[in-house]
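Hi,

Here is the model I promised to pass on. Have a look, and then read my notes on its charged side chains.

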Amino acid sequence: MMTETERSAAKAAQRRRGIAARRALAPDVRAAADAAIRARVAELPAWLRAGRVLAYAAFGGEPDLAPLLEGAAKQVAWPVCGAGCSLTAAVPGPDGWETGAYGIRTPVLARAAVLPPETLDLVLAPCTAFDAGCCRVGMGKGYYDRYLPRCTRAAVYGIAYEAQRVEAVAAGPLDVRLDGIITERGVYTWK
């Protein structure tokens, strides 16, 4: 059994390797992978049923879902990172975007509609690494791990490239296992 220090070090290593793997993708490979991921999301029963979706703005080489999300017949919210590693699902107003925490495009919270977590139908979360058992590694602050337990009716899927897959995520007791992980090659589920 890993100590917390060992787990943190293993997760940090998985995070570094996963970020490097996604950034190393050639532009044509990334474009094809993004298109395949968007097609898989669009076919997902949870997407087809969803009225309210929390997605993310691609950053740092993350898979880009924007072409699917723009104009979708759904209420799409974006994460706003706040104090104490809190996360808020916000639907931007017409002029409501800014560069938020960590340099990520985010809605201006003061001009956004906030969707309570318990009203979401689907969450699409970015991953830095993942395993076939649907455990994910995020950026290390725990925003999603704190937020997801409050999404009581939402299906939760991680989005990543196959190159980010690891044998086993160094998951701890507070890490939330997702319903699935979507990559360009397929959809991993554990249920």
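Below is what I found, starting with how the values were made.

This is a predicted model, so to say: local features need pLDDT of at least 70, side-chain atom pairs count only at pLDDT 80 or more, and totals for chains, interfaces and linings use all residues. Residues are numbered from 1 along each chain as its sequence is written, and side-chain values use heavy atoms, with hydrogens and water left out.

Salt bridges first. Counting a side-chain nitrogen of Lys or Arg within 4 Å of a carboxyl oxygen of Asp or Glu, the total is four. Arg7 is buried, at 13% relative accessible area, while Glu4 is partly exposed at 47%. For those words, buried means under 20% relative accessible area, exposed over 50%, and partly exposed in between, with a 1.4 Å probe and protein chains only.

Lys11 pairs with Asp175, with 2.6 Å between the closest N and O atoms. That pair links distant parts of the chain, 164 residues apart: Lys11 is in helix H1, and Asp175 is in the loop between strand E10 (155-159) and strand E11 (180-182). Lys11 counts as buried because its relative accessible area is 17%.

Glu162 and Arg165 form another bridge, at 3.6 Å between the closest N and O atoms. Glu162 is buried at 10% relative accessibility, whereas Arg165 is partly exposed at 41%.

Now for Arg22, also in helix H1. Leaving out residues up to four places away in sequence, Arg22 touches several residues, including Arg30, Phe59, Glu62, Cys127 and Tyr161, where contact means heavy atoms within 4.5 Å.

Lastly, Ala32 lies in helix H2 (residues 27-43) and is partly exposed at 49%. Ala32 and Glu184 are 152 residues apart in sequence and 8.2 Å apart in space, C-alpha to C-alpha.

Cheers

Conventions: Helices (H or I, at least four residues) and strands (E, at least two) are DSSP runs, numbered from the N terminus.
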